[in-house]
Amino acid sequence: MTMRRALSRMANPQLLALVGVLLINWILFPNFFRITWQDGRLFGSVIDVLNRGAPVAILAIGMVGVIATKGVDLSVGAVMAVAGAVAATLVVAGYPAPVAVVAALLVGLLCGLWNGFLVAVLDIQPIVATLVLMVAGRGIAQLITEGFIVTFNDPLLVFIGTGSLLGLPMATVIAIAMLVLVTLLVRKTAIGLFIEAVGVNRAAATLAGIRSRMLLMLVYGLSGLCAAVAGLIVAGDIRGADANNAGLWLELDAILAVVIGGTSLLGGRFSVPLAVVGALIIQAMNTGILVSGFPPEFNLIVKAALIFLVLIIQSPLATRVVVVKRPVREAGK
Amino acid sequence: MGGTGYALEARGVVKIFGNHVALDAVDFGLRAGEVHALLGENGAGKSTLIKILTGAYQPDGGEVLVDGQPVSLDTPQQAQALGIGTVYQEVNLLPNRSVAENLFLGHQPTWFGLTDRRKMERDSRAILKRYGLDIDPASELGAHSVAVQQIVAIARAVELSGKVLILDEPTASLDRNEVERLFEIIRDLKAHGLAIVFITHFLEQVFAVSDYVTVLRNGRLIDTRKLDDVTRTDVVRLMLGKDIAFSGATGLADARPTGEVLLDFTNFGRKRSVHPFNLTIHKGEVIGVAGLLGSGRTEMARIMFGADAADEGEVKIAGKPTSISRPTDAIAHGFGFCPEDRKAEGIFGDLSVRENIIIALQGKLGWFSALTRDEQMEIAGKFGEAMDIRAASLDMPVKLLSGGNQQKVILSRWLATDPAFLILDEPTRGIDVGAHAEIVRTINRLRDEGLALVVISSEIDEVVAYSSRIVVMRDRELVAELSGENISPGVIVQAIANHREGTPT
């Protein structure tokens, strides 16, 4: 029974799509699944997908809650740059690395709470509210770095970006930890239900006694925090803070990952793990194109094709043509 | 076959959604020059049948015949081409376009490919005249009353189709005079040989204009009868499948044993919303709120619940001064509120029945004391059963339930929080007879259990039947408080009409 339920849960379109993309990669590049052990860590294309996909996966973990409330956070790419700039500037100025990391995370959280304030308290439409920080954030990052790419060699920051733990890349370990933590946070408490309720009908949620403002502050704050974590990883990876390019356009990848993960932009039902699967699908395509020798320009076209496919699958027409049996979460009989 | 004389006929029509049979071999026949009322509780299959007759759904079995010829209606356009026109409860025309454009949208008279506006407006004027409307065809549709828009929608449907007219709850948002006007038009169209299907919740309207009545229940055809041969009680019995006693309009004249004072509102009000009012509410009593639409009834309910914050006056709960500036404050004190607009402010359409029932309790428990799935199932099951919610599963989205069942879900949501005080804004509007009876029964039961209730309703008979006291609202002001023998429709109507003349307080 539980076995069958677990299996039927696995059989959702997102996981099938991931398997499909991986199989195509394998056909184009037969060594795709080869994994080797070297210098105390795993190497291989699949590991590469997990490593390179981590920043977008972490952004998606924060973004999915925002989108479930019928919002969107366009600022996450810029917040990544700000967080990286804060950490890099602080260690270069001689502060201890843990202080720099905590400061970067706090700045990310503050950026998220600012977005939450605009959306929840001032009632500004999320796309406009977060656009403010998307534009301003790059400027702030440039001001912090004074227009230079601030490079560093701090062992802790470099470890966050390029280190490994138990054979897995550090970025992957962090992403897995965040996935587990956030999933527990929303599903073992009532927060997940409240997010869905606010996304489906905010007026009704307020009348039913849900503190929707606080909840919105929480989801935007979490999104900012996730962006800061992703920003630290990207900065550690290149050993420097690049205010112009760190996290550039990644907000769009994160939104795409969430949508591929089956969460509607109209808010409501959401799944954190499936958003991460969405991020992995995107990265598996990127890596696949790279290793199979196609020019990277193909990336954008393939991505566009994927968006198109997802939209078609989610369109009302498709649900009419193909009767998709949705696994109803049933109570044990 | 032919020869049945039916302009439009459904024979043995079956419609299945998933594993739910929405229509089970239903026959329905409509002759030219007759008005045929289609009745049934919400969820009986009326809308499904209408959607099949108008080509919006395709039947899974049986056939649709027009003038005795089997037809396949794949789209609403095909139905229209065969002469079948429909007018829905919510007018679905374009409010920001002119009346003439709305009448002719899609087939405007043209002159070398350009819309011949002058001819269109001339023709419109002639059409509108036939419906007794003397309005400027060039005026914006949205500028007119709902009744006028409804008539324009009927005119459009008749002009486009001209054989069968389906009216789906056309009177839901009209006042008495407007309903009468609509009925004149219906009688006129009938005299001109149109076949008309009329769907409504109001029995007296059925008897006012219809010739035949067909009753559906749970997707089955119960009976088709000539209206001359049946009484109101017969029809209700057909709809419910059981006898229900209609209580007459007698108030609770006896001095009800009133419990201790629960709430005391003094000079409680909000600028531009509702004038300061005084109201004392005891445990175990129902305060009925009467008044016309826009009289401040809903505004009063909203500030009592903290949905809008009061900006003057004070409230005492069990003698203690308290501040209620948000719904969470009110809920913490055991308040509950069923809003007037169920869809916009009450239900979470995409969430399950279970989640809709437990959400307020969970809100009260907070973010970190989540109810487990099993606890949720138990609570939802318990209250769902007590309120007789008809849902195939507690895990189905609540938007798939009928209006009456959705209202029961919202009521269950508050009962699950073990409330001391409930505010119900139009709890019985737009729901079927069975759910209506269930909700009135629940109001009486809760009062007897010692809850305090404020119930807003436009149905004066209904308010009279269950209220211990009645307050009357007029022009955003509480103008009268009635009790004892003053609780009668006559006194209430008088108080609504003119509050300056000797209103007992």
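Of the 189 residues in the largest nonpolar core, the ones touching the most other members are A:Leu59, A:Ala60, A:Ile61, A:Ala83, A:Ala87 and B:Leu453. A nonpolar core here is a set of buried Ala, Val, Leu, Ile, Met, Phe, Trp, Tyr and Cys residues joined through C-beta atoms within 7 Å. Buried means 20 or more other C-beta atoms within 10 Å of a residue's own, exposed means 12 or fewer, and partly exposed is in between, with C-beta atoms placed from the backbone. This is a predicted model: local features need pLDDT of at least 70, side-chain atom pairs count only at pLDDT 80 or more, and totals for chains, interfaces and linings use all residues. Residues are numbered from 1 along each chain as its sequence is written, while chains are lettered from A and ligands numbered from 1 in the order in which they are written.

Helix α12(A) gives this core its largest share, 17 residues; helices (H or I, at least four residues) are DSSP runs numbered from the N terminus. A separate second core of 63 residues has B:Ala10, B:Val13, B:Leu167 and B:Leu189 among its members.

Now for a helix pair in chain A:

| Helix | Residues in the contact |
|---|---|
| α10(A) | A:Phe194, A:Ile195, A:Val198 |
| α12(A) | A:Ser212, A:Leu215, A:Val219 |

Contact means C-beta atoms, placed from the backbone, within 7 Å. The axes of α10(A) (residues 191-200) and α12(A) (residues 212-238) come within 10 Å and cross at roughly 110°. Axes are lines fitted to C-alpha atoms, for helices over the stretch in contact, with angles from 0 to 180 degrees between N-to-C directions.

Over in chain B, nine of the nine residues of helix α9(B) (residues 297-305) are buried. Just after α9(B), B:Gly306 has a positive phi of about 80°.

Definitions and conventions: Helices (H or I, at least four residues) and strands (E, at least two) are DSSP runs, numbered from the N terminus. Two residues are in contact if their C-beta atoms, placed from the backbone, lie within 7 Å.
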